[in-house]
Amino acid sequence: MRVLIVGCGYVGLPLGAELVKQGHEVFGLRRSSAANPELTAAGIHPLTADITRPGDLAKLPTPFEWVVNTVSSGKGGADEYRAVYLEGARNLIEWLAPAPSKKFVYTSSTSVYAQTDGSLVKEDAPTAPQSPTSRLLVETESLLLQAARERNFPAVILRVAGIYGPERGHLFQQYLRNEARIAAKGERFLNMIHRDDVVTAIIAALKSGRAGQIYNVVDDQPVAQIHFFRWLSETLGKSMPPFATEEDPAGRKRGLTHKRVSNRRLKSELGVQLKYPTFRQGYTAEILRLDRAGLLHIEPEPR
């Protein structure tokens, strides 16, 4: 297939590299050309454009049979989310209209689920998030699903949990730096997925995903925050982090939730087999990688 990856970064680059290995012709789109050598080294044809600008898209070498939108907001706020996710998706739909793709995969987020009661969440659960950024993700999903219904646009939506892997894993890195805090009693569930398994899920969606369908991309075992830190403590021989004096959700632009996200549809319909079924396998691999590279820096604990 001739494949376009929009936002060819942390997930898109290894995705492109794997698709190249499978014999596909892959193009990687980024807003700047800074990473072009890295893309080229992976066998990916680099393209530079900004999806918030329709004029940029008009210059790209269509057609593409598969399109994957893994674009990032660059850690921006609601205005950036609206431009990159919502308007960016709208621009891509219009740009692809004259030369339709066979499959369009969009990586959304499990932050669209606002449940706070620890319940099991499937793809048909309500999506009514409180934070403006997560509401914009819901709007983007709605736009794509409407296009699938009314225009036969081949959109498949992946709601991706918190991604971790090489150089990524916010709570893990905070723990190593002695900056982690356990919120409340530590009972809040964390839903995670290793980057390699996100790549596997996207490829499965490209090959087998049904247009207009939603799939949760998350590992097999949501874990309470306190149990996550306890495992890290036992694995690294380091004390547990302290409890937070007061919870401060203001620092999380997508809001705090408490839910267990189900991956049953991902596994049953797309046949995805996870390389890292739980955080234990994934973080064991990351700890070993860091240790072998001499990069496992564990800050001394304050006395």
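Hi everyone, let's start with a pair of helices: F228, W231, L232, T235 and L236 of α8 meet F279, R280, Y283, T284 and I287 of α10. Sorted by class, that contact is made of 7 nonpolar, 2 polar and 1 charged residues. Before I go on, please keep in mind that this is a predicted model.

How do we describe such a pair? Two packed helices are described by the angle between their axes and the distance between the axes. Here, α8 covers residues 225–236 and α10 covers residues 279–292; they pack at about 40 degrees, with the axes 12 Å apart. Angles under 35 degrees would count as roughly parallel, so α8 and α10 are oblique to each other. The crossing of α8 past α10 is right-handed.

Now for a second pair. Helix α7 runs over residues 195–208, and its axis comes within 9 Å of the axis of α1, the two crossing at roughly 55 degrees. That angle makes α1 oblique to α7. As α1 passes α7, the crossing is right-handed. Which residues meet there? From α1 we have P14, L15, E18 and L19, and from α7 we have R195, V199, I202, I203 and L206. By class, this contact has 7 nonpolar, no polar and 2 charged residues.

Two of those names, L19 and I202, take us to the largest nonpolar core, which has 74 residues. L19 and I202 are among the residues with the most contacts inside that core, along with L4, F104, L144 and L158. The helix giving the most to this core is α4, residues 78–96, with 9 residues.

Last stop: H24, in the loop between α1 (12–21) and β2 (25–30). Is H24 buried or exposed? Its relative accessible area is 15%, and the cut-off for buried is under 20%, so H24 is buried. Leaving aside neighbours within four places in sequence, H24 is in contact with M1, V3, L19 and W66. For a sense of scale, H24 and I182 sit 45 Å apart in space, C-alpha to C-alpha, and 158 residues apart in sequence.

Note on methods. Residues are numbered from 1 along each chain as its sequence is written. This is a predicted model: local features need pLDDT of at least 70, side-chain atom pairs count only at pLDDT 80 or more; totals for chains, interfaces and linings use all residues. Side-chain values use heavy atoms; hydrogens and water are left out. A nonpolar core is a set of buried Ala, Val, Leu, Ile, Met, Phe, Trp, Tyr and Cys residues joined through side-chain atoms within 4.5 Å. Buried means under 20% relative accessible area, exposed over 50%, partly exposed in between (1.4 Å probe, protein chains only). Helices (H or I, at least four residues) and strands (E, at least two) are DSSP runs, numbered from the N terminus. Axes are lines fitted to C-alpha atoms, for helices over the stretch in contact, and angles run from 0 to 180 degrees between N-to-C directions. Angles under 35 degrees count as roughly parallel, over 145 as roughly antiparallel, 65 to 115 as roughly perpendicular and the rest as oblique. A crossing is left-handed if the near helix is turned anticlockwise from the far one by less than a right angle, and right-handed if clockwise. Contact means heavy atoms within 4.5 Å. Ala, Val, Leu, Ile, Met, Phe, Trp, Tyr, Cys and Pro count as nonpolar, Asp, Glu, Lys and Arg as charged, and the others, Gly among them, as polar.
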